Amino acid sequence: MALEDIRIVLVNTSHSGNIGSVARAMKTMGLSKLYLVDPACEVDSHASALAAGATDVLGNATVVSELSEAIEECALTIGTSARSRTLSWPMVEPRECAQKLVSGSETGPVALVFGRENSGLTNEELQLCNYHVCIPANPQYSSLNLAMAVQTLTYETRMAFLDRQEKQPESDDAVYPSAQQMALFYEHLESTLNETGFIIKQHPGMVMTKLKRLFNRARPEDQELNILRGILTSINKSTRQKPE
């Protein structure tokens, strides 16, 4: 079932009750994969109490130290954001977010990432995501706690899943690279641009950030990424050849 490959990722959560409430919100919508990134609290009895009948989701939660670990196998990652920060990133509405998660989960794990209760995700964490999603709440009072935000987006996800089951659309045969494969590509790209002098090490500016935004927006498939890596390797060989 596609829902089994949708991960809910909580970053640096500070209140155990919120973790329990999120587990409950997930289970009511049929989701079970909970990832905790560097939690600032223990999954204690308070978490279990608020999880109600979803203690199995809590008990099976995966704890990691970095966001990159939670999403390294994921070909699609969507981060929650109140608004884009210093650099605009591809944005999706909650309904479109849900459709992308359900569609992507048919070929492998995908992730929906939630940040800290008081400050959300950092710019660096948001840049690890393919898309950002913002819940269009009342602008005069847009205060949503963590569990509410999770419930809203997991509800949309369940509706997208049920709708997809009913329509039984043709499957997308495209295979997309994982977050780890994209990270390796960005490392290769940056080292090549440094090697050619396109990026000046002392003054790198925002070149790599803008390139990451470009490739996140384009979302290359596996074979396309292999072509890009091949181009970079060809450039590497050319620049490293010494004249006779």
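In the predicted model, 7 salt bridges are counted, a salt bridge being a side-chain nitrogen of Lys or Arg within 4 Å of a carboxyl oxygen of Asp or Glu. The model is predicted, and local features need pLDDT of at least 70, side-chain atom pairs count only at pLDDT 80 or more, and totals for chains, interfaces and linings use all residues. Residues are numbered from 1 along each chain as its sequence is written, and side-chain values use heavy atoms, with hydrogens and water left out.

One of the salt bridges joins R7 to E73, with the closest N and O atoms 2.5 Å apart. R7 belongs to strand β1 (residues 6-11) and E73 to the loop between α4 and β4, so this pair ties together parts that are 66 residues apart in sequence. Helices (H or I, at least four residues) and strands (E, at least two) are DSSP runs, numbered from the N terminus. R7 counts as buried, at 8% relative accessibility; here buried means under 20% relative accessible area, exposed means over 50%, and partly exposed lies in between (1.4 Å probe, protein chains only).

A further salt bridge is formed by K27 and D56, whose closest N and O atoms are 3.0 Å apart. This pair links distant parts of the chain, as K27 lies in helix α1 (residues 16-28) and D56 in helix α3 (residues 55-59), 29 residues apart. K27 is partly exposed at 38% relative accessibility, and D56 is also partly exposed, with a relative accessible area of 37%.

R240 and E195 likewise form a salt bridge, and 2.9 Å separates their closest N and O atoms. Distant parts of the chain are again linked, with R240 in helix α10 (residues 222-240) and E195 in helix α8 (residues 179-196), 45 residues apart. R240 is exposed, having a relative accessible area of 54%, whereas E195 is partly exposed at 34%.

Surface patches were also examined. Patches are made of residues with over 30% relative accessible area and no salt bridge, where like charges are joined within 9 Å and nonpolar side chains (Val, Leu, Ile, Met, Phe, Trp, Tyr) within 5 Å. Asp and Glu count as negative and Lys and Arg as positive, while His and the chain ends are not counted. A negative patch consists of D38, E66, E69 and E72. A nonpolar surface patch of about 240 Å² is made by Y155, M159 and L162. M159 is placed in helix α7 (residues 146-167) and is partly exposed, with a relative accessible area of 32%.

In strand β4 lies T80, which is buried at 15% relative accessibility. The C-alpha atoms of T80 and S68 are 16 Å apart, the two residues being separated by 12 residues along the chain.

A disulfide is a covalent bond between the sulfur atoms of two cysteines. The search of the whole structure finds 0 disulfides, the criterion being a pair of cysteine sulfur atoms within 2.5 Å. For C129, the closest cysteine sulfur is that of C74, at 10 Å, which is too far for a bond. The sulfur of C134 has its closest cysteine sulfur in C97, at 11 Å, also too far for a bond. C129 is buried, with a relative accessible area of 0%, and C134 is buried, with 12%.

Terms used
Areas by Shrake-Rupley, 256 points an atom, 1.4 Å probe, with all protein chains shown as cover. Charge placed at Lys NZ, Arg CZ, Asp CG, Glu CD.
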